[in-house]
Amino acid sequence: MKVLALAAALLFGGILGDHACAQSMQHSIVLASTTSVENSGLLARILPLFTKKTGIEVRVIAQGTGQALATAARGDADLVLVHDPEAEDRFMAEGHGGKRRQIAWNDFIIVGPNTDPAHVTGGHDAVAALTAIAAARAPFVSRGDNSGTDALEKRLWRKTGTDPAANGGGAWYRDIGGGMGAALNAASAMAAYTLSDRGTWLSFNNKGPLVIVIEGAPALLNRYDVILLDPAKHPAAKQTAARELAEWLSSPEGQAAIGAYTIAGEQLFRPSAIEPQ
Amino acid sequence: MDLWAALNKDDLLDIIWLSLGVSLSATFLAALVGLPRGGALAVYDFRGRRGLTILLNGLLGLPPVVVGLALYLLLSRSGPLGQFGLLFTPGGMVLAQATLATPIIGALGHRAMQGPWHEYGDALRVDGASRPRVIRMLLRIARPPVLTAVLAGFGRTISEVGAILIVGGNIAGYTRTMTTTIVLETSKGNLRRSRSGWGSC
């Protein structure tokens, strides 16, 4: 018991000391972001540059867009970086958001098994592809987690006029309730189609039989916005430090850092704060 | 070997230290709270003792994600304990794991002390020892099984992922532990790395 207490005190003393210090200086902020930004490795690459310049430590919570906005609405984050325009509009309308700004964009893609049972490869029409997948009853993995990607998928299905979850959809339409990486893992294991953002796809290391089947469709644009919290509604948020991060992300320096992030020679995010798309 | 190539060695050490620090602190807190209560349940005779014992044993199966969610709501800035700023910090993770380990250490500690209490209880009471003092003596008499109870509590905390993922937020370099690293690396499709992360430490 004494040994345990000593070990705990030694180890935890360090952790708590660290924490108390960081808090008193107000030099850490919580950024609620999406799994697609975090899993792609972008934030791990660019945030150290910001921290080096300003001394502000950024703690990233990676959640789906829906959950990230909910976390911020509860006041548990200082700013958000998300990608679901409709959910963001609701967040703003409820008065949680302060300033909102687009900082980058890339695109969504539909990936699927190289055997392509629904014969959709090479098309540029996401809605037509989903219609074909549903007609062929080819396995399709859905995030089902209320994230930005999930919200887009639901919108695309609505445009096809079919409800995949209805009439025995479970046999081929598989709602896994997980993040982008989990969905890609599942699709890879089940040789299924799924909707992915390009960043997560490029950095994903367990592709198996999956290849890109649909890309370059206008409906698959993916824009990332950074939103500051409304200071009146969320006085606990660390406004000054959060604004510094938002401004840095849209500054020439931050934009250059975003644009310079590549995997295997391919650029993952297109900076867009200076010239909005 | 790809583990060392892919994951910075210092990062990995930090992750291991944090895991040990959080889980040992949680186990210590849980023992501090659980053992006296387990002992009291053995030594004091009161109405409802049987029900309380059953409840304590039932809490052995407390699901980590339920504890995680409950603490999330309590510690959130808009929750009742929000002013302490413990959400998404190692301190919050300690609280969550201590909540999980307390019933384990309490229930197993209760079992450990029950036997010696039936055997020596009368003798100790005749000698004039108060019940709180008897609990301290029982803890000493039943030392090996009590230690097992504490170890079982530690086993629960160090292997746990559901509660700390919700309460800690899996923040790189701050609240990322061994188990949450494995969840993250698996979701990135780095299956080999998440496996060797466990296998080699």
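Ground rules. Residues count from 1 along each chain as written, and chains are lettered from A, ligands numbered from 1, in written order. Because the model is predicted, local features need pLDDT of at least 70 and side-chain atom pairs count only at pLDDT 80 or more, while totals for chains, interfaces and linings use all residues.

Chain B. It has 10 helices and zero strands. Those are DSSP runs numbered from the N terminus: helices are H or I, at least four residues; strands are E, at least two. The C-alpha box is roughly 65 × 40 × 25 Å along the principal axes. Of the 201 residues in chain B, 46% are buried. Buried takes 20 or more other C-beta atoms within 10 Å of the residue's own, with C-beta placed from the backbone.

Now chain A, helix 6, residues 126-136. Which residues are buried there? A:Ala126, A:Ala129, A:Leu130, A:Ile133 and A:Ala134. Just after helix 6, A:Arg137 has a positive phi of about 50°.

Confidence. pLDDT is the predictor's per-residue confidence, 0 to 100. Chain A has a mean of 88, and 88% of its residues reach 70 or more. Over residues 17-25 of chain A, pLDDT is below 50. Where pLDDT is low, the predicted coordinates should not be read in detail.

Notes: Buried ≥ 20, exposed ≤ 12 C-beta atoms within 10 Å, placed from the backbone. Contact = placed C-beta atoms within 7 Å.
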